[in-house]
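Work through the exercises below with the sequence and the coordinates at hand. Each task is followed by a worked solution.

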Amino acid sequence: MSDNSKKTPLGQSLNTFAQKKVADAIQVLGKALPCSVVSVSGAIITVKFEINSSFTLPEVTIPLFGPEYIRYPIKAGDKGMVLPADTYLGGVSGLGGGVADLTQRGNLSALAFLPLANTEWFSVDPNAVTIYGPNGVVLMDQASSCTFVLTPESITMVAPNSVKATSGGTTMELTPAGWSISGPSGNIQDGTNHTSPAIMNAAWIALVTWVNAHTHTSASPGNPTSAPISPFTGSSIAPS
């Protein structure tokens with residue numbers, strides 16, 4: 001058996017050995033790689049890696065980075081990167097369950113998807129928080145008791161007790177019992193004890209009926225005057 005120890009200095013051999021061991025250790029660490037979304041199931045994302053490599057990298061199913069309380073409208077084709085963790089994530093993501101330990105995992109097994117900005121995004125006000133989605137925006141509490149739904153065609157607000165909109169000193173409020181508008185110019189409320197369009201219209205109808213049936217007693221002997229010959233409608237001034 002040939003002995004190369006006299007030709008290759010020990011110091012060089014030890015250095016080469018150490019470098020290989022370090023390279024092997026780095027290779028098994030998790031990888032932060034660019035990727036794009038293939039499919040979405042709730043907050044669980046399947047991605048493919050956007051990288052040229054001599055290796056065939058598999059698609060992986062991983063959790064979306066972010067809290068429960070903000071749900072991002074991720075769709076197929078969205079771009080980002082994967083963030084590696086030092087150990088198993090299935091216990092906190094629900095992909096597998098259990099509790100993590102310090103066992104070394106495969107370098108593509110403990111990942112999370114993080115969306116990244118792109119120069120092709122349209123411009124928005126850089127000094128304001130902008131929230132939008134392909135189908136709009138939904139704001140709600142956890143029980144969905146109060147919701148604000150903005151779509152490309154409408155805005156819908158739902159609340160069990162009250163919806164208020166205020167501008168300066170004027171407030172409009174919707175409740176299960178009715179609605180009201182109050183402000184410096186006066187108050188109006190839907191209800192039998194307050195001025196409202198319904199009350200004003202009912203009063204107007206009563207007035208028109210009274211005018212069309214009213215007669216006057218003449219000061220001279222004879223019959224009283226009759227009701228109007230031409231019916232009064234007041235259409236030009238009616239509160240409708």
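This is a predicted model: local features need pLDDT of at least 70, side-chain atom pairs count only at pLDDT 80 or more; totals for chains, interfaces and linings use all residues.

**Exercise 1. The chain as a whole**

Task: State how many helices and strands the chain has, and what share of its residues counts as buried.

Solution: 
- Step 1. The secondary structure consists of three helices and 12 strands.
- Step 2. The chain has 240 residues, and 14% of them count as buried.
- Step 3. The accessible surface comes to about 18200 Å², with 59% of this area belonging to carbon and sulfur atoms.
- Step 4. Among contacts with a separation of 6 or more, 40% are between residues 24 or more positions apart.

**Exercise 2. A four-stranded sheet**

Task: Give the strand order of the open sheet of four strands and identify its edge strands.

Solution: 
- Step 1. The order is β9-β10-β11-β12, and the pairing is antiparallel.
- Step 2. β9 (163-167) and β12 (186-189) each pair on one side only, which makes them the edge strands.
- Step 3. On average, neighbouring strands of this sheet are turned by 5° against each other, with direction ignored.
- Step 4. For the antiparallel pair of β11 (residues 178-183) and β12, the number of bridges is four.

**Exercise 3. Ser180**

Solution: 
- Step 1. Leaving out residues up to four places away in sequence, Ser180 touches Thr171, Met172, Glu173, Ile188 and Gln189.

**Exercise 4. The aromatic pair**

Task: Find which rings form an aromatic pair and classify their geometry.

Solution: 
- Step 1. The count of aromatic pairs is one.
- Step 2. The partners are Phe122 and Tyr132, with ring centres 5.1 Å apart and 40° between the planes. Planes under 30 degrees apart would count as stacked and over 60 as edge-to-face, and this pair is tilted.
- Step 3. Both Phe122 and Tyr132 lie in the loop between β5 (111-115) and β6 (137-140), so the pair ties together parts that are 10 residues apart in sequence.
- Step 4. Phe122 has a relative accessible area of 54% and is therefore exposed, since the cut-off is over 50%. Tyr132, at 48%, counts as partly exposed.

Technical notes: Residues are numbered from 1 along each chain as its sequence is written. Side-chain values use heavy atoms; hydrogens and water are left out. Helices (H or I, at least four residues) and strands (E, at least two) are DSSP runs, numbered from the N terminus. Buried means under 20% relative accessible area, exposed over 50%, partly exposed in between (1.4 Å probe, protein chains only). Contact means heavy atoms within 4.5 Å. Accessible areas come from the Shrake-Rupley method with a 1.4 Å probe; for residues, only the protein chains shown count as cover. Two strands pair if DSSP finds at least two bridges between them. Axes are lines fitted to C-alpha atoms, for helices over the stretch in contact, and angles run from 0 to 180 degrees between N-to-C directions. Rings of Phe, Tyr and Trp (its six-membered ring) pair if their centres lie within 6.5 Å; planes under 30 degrees apart count as stacked, over 60 as edge-to-face and the rest as tilted.
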